Amino acid sequence: MSVQNPVFIPGPTNMPESVRKACDMPTIDHRSPTFARLFKPAVAGVKRVLKMAEGEVIILPSTGTGGWEAAVSNTLSPGDTVLAARFGMFSHRWIDLCQRHGLNVEIIETPWGEGAPLAAIEAALKADTSGKIKAVLATHNETATGVRSDIGGIRRAMDAAGHGAMLFVDGVSSIGSMPFDFAGWGVDIAVAGSQKGFMLPAGLAILGVSPKAIAAMETAKLPRTFFDFKDMLSSYARGGYPYTPAVGLIAGLAHSIELLEDEGLEAVYARHHRLAEGVRRAVAAWGMTPFAASPALYSDTVTAVKVPEGCNGTDLVQLAATKYGMAFGVGLGEVAGKVFRIGHLGMLTDAMVLSGLAVAEMCMADLGWPVKLGSGVAAAQEHYRGTAPAMALAA
Ligand code: PLP
């Protein structure tokens with residue numbers, strides 16, 4: 001018999017059965033009106049999830065990394081300057097990608113565990129009197145450290161500096177799980193991937209693009225072909241796609257947005273917050289702390305748990321996989337071994353999270369970590385029973 005536990009990596013996430021079925025469809029002619037009928041609701045749905053008032057949605061056969069590349073290659077030219085804070089593995093990788101594309105990255109080095117430094121961003125923009133900074137890059141949810149940054153705060157810092165740079169936001173591990181406000185925050189490009197909040201397999205980069213970023217395309221000289229927004233938009237206008245689309249994933253995306261909206265986006269965000277809070281109560285009961293430097297920074301999609309002195313987080317992840325068949329996330333880069341990560345996003349319930357916490361505790365006990373079996377689970381149980389939404393109680 002083949003049985004499977006839910007996963008607790010911070011993406012790819014657990015998939016609802018109906019999303020899997022929506023992806024599993026017969027071949028259609030992607031140059032036929034059938035494709036247009038399937039594509040339009042996905043594009044319209046992404047606009048609603050991102051809260052876009054204007055601009056365009058681009059859906060590429062790629063992943064979040066491709067989304068980063070599409071964002072910069074469509075809007076910037078070799079030698080352009082972008083401003084980015086580095087405070088974790090994913091903010092680092094986006095910076096690295098920009099550098100490999102011949103961009104000049106003004107980096108604000110920030111301790112891992114902190115979020116985007118608003119005052120330093122404002123100061124850097126104020127100092128840029130010649131306007132050489134073309135874009136500010138921001139990682140909304142740093143998946144490596146479990147830190148959520150204040151994107152609205154970055155917009156206010158940009159406005160306070162009176163700077164006209166574009167704002168590009170990596171929402172790969174936040175969009176669809178945590179509130180996102182493209183219009184309200186004045187975002188110029190938002191990047192998401194299919195395999196996190198949208199609960200799909202990996203394979204799509206999903207972008208929201210503002211009119212300002214679309215205008216930047218006209219003068220941007222970085223090379224692009226596969227990711228060219230212009231090709232995409234002119235094909236979309238005719239109800240088509242410039243090459244062969246990932247039809248099954250696009251059908252799945254439309255369905256997954258239907259599920260998110262049936263639950264209600266605010267309810268989805270509240271569920272993620274409540275599940276995350278239960279995990280944080282468990283972490284506290286284990287005598288540990290999240291790696292994020294302060295509660296205001298706690299992510300509702302992933303918790304990086306700081307492990308006790310002398311313990312190695314990677315040991316726990318390996319044991320969970322080999323002995324109990326359960327997946328947690330390892331620490332990446334400079335926090336390798338110092339943390340293990342519990343992903344709590346996508347299709348998840350209280351009961352699923354409790355199973356993950358229970359297995360994490362068994363691993364800790366097996367490894368001789370100073371943790372009492374049941375302590376974290378009990379703390380999360382108390383939180384979940386005390387905060388169960390009315391609908392769940394009635395069901
Ligand atoms: N950005 C963030 C915040 C991520 O968590 C990830 C992947 O986990 C990426 C970007 C890269 O996305 P992908 O692995 O889909 O290329």
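Biologist: In which order do the strands of the antiparallel open sheet of four strands stand?
Modeller: This is a predicted model, in which local features need pLDDT of at least 70, side-chain atom pairs count only at pLDDT 80 or more, and totals for chains, interfaces and linings use all residues. Residues are numbered from 1 along each chain as its sequence is written. Strands are DSSP runs of E with at least two residues and helices are runs of H or I with at least four, numbered from the N terminus. Two strands pair if DSSP finds at least two bridges between them, and in this open sheet, with its antiparallel pairing, the order is 10-11-13-12.

Biologist: How many of the five residues of strand 13 are buried?
Modeller: A residue is buried if 20 or more other C-beta atoms, placed from the backbone, lie within 10 Å of its own, exposed if 12 or fewer do, and partly exposed in between. Both faces of strand 13 are covered, with V339, R341 and G343 buried on one side and F340 and I342 on the other. Strand 11 (residues 302-306) has four buried residues out of five, so it is largely enclosed by the rest of the structure. Strand 13 is likewise largely enclosed, because the number of its residues that are buried is five of the five.

Biologist: Which strands stand at the edges of the mixed sheet of seven strands?
Modeller: The seven strands form an open sheet in the order 1-9-8-7-4-2-3, with mixed pairing. Each of the two edge strands has a single partner strand, so one side of each is left without a neighbour in the sheet, and these strands are strand 1 (56-61) and strand 3.

Biologist: Which residue of strand 7 stands opposite T139?
Modeller: Strand 4 (residues 133-139) and strand 7 (residues 166-170) run parallel and are joined by five bridges. The residue of strand 7 that stands opposite T139 is D170.

Biologist: At about what angle does helix 4 run to strand 2?
Modeller: Angles run from 0 to 180 degrees between N-to-C directions, and axes are lines fitted to C-alpha atoms, for helices over the stretch in contact. Helix 4 (residues 89-100) lies across strand 2 (81-86), strand 3, strand 4 and strand 7, and its angle to strand 2 is about 155°.

Biologist: How far apart are the axes of helix 11 and helix 12?
Modeller: The angle between helix 11 (residues 313-324) and helix 12 (residues 350-366) is about 110°. Helix 11 is therefore roughly perpendicular to helix 12, on a scale where under 35 degrees is roughly parallel, over 145 roughly antiparallel, 65 to 115 roughly perpendicular and the rest oblique. The distance between the two axes is 9 Å.

Biologist: Is W112 buried or exposed?
Modeller: W112 lies in the loop between strand 3 (104-109) and helix 5 (118-127). Leaving aside neighbours within four places in sequence, W112 is in contact, meaning that C-beta atoms placed from the backbone lie within 7 Å, with F87, G88, T145, E334 and V335. A293, 181 residues away in sequence, is 8.5 Å from W112, C-alpha to C-alpha. Because W112 has 24 C-beta neighbours inside 10 Å, W112 counts as buried.

Biologist: How many polar residues are in the shell around the ligand?
Modeller: The ligand is surrounded by 13 residues, the closest being T63, G64, T65, T143 and V172, where a residue is near a molecule or strand if its C-beta atom, placed from the backbone, lies within 6 Å of it. Ala, Val, Leu, Ile, Met, Phe, Trp, Tyr, Cys and Pro count as nonpolar, Asp, Glu, Lys and Arg as charged, and the others, Gly among them, as polar. Besides three nonpolar residues and one charged residue, the number of polar residues in the shell is nine.

Conventions: Contact = placed C-beta atoms within 7 Å.
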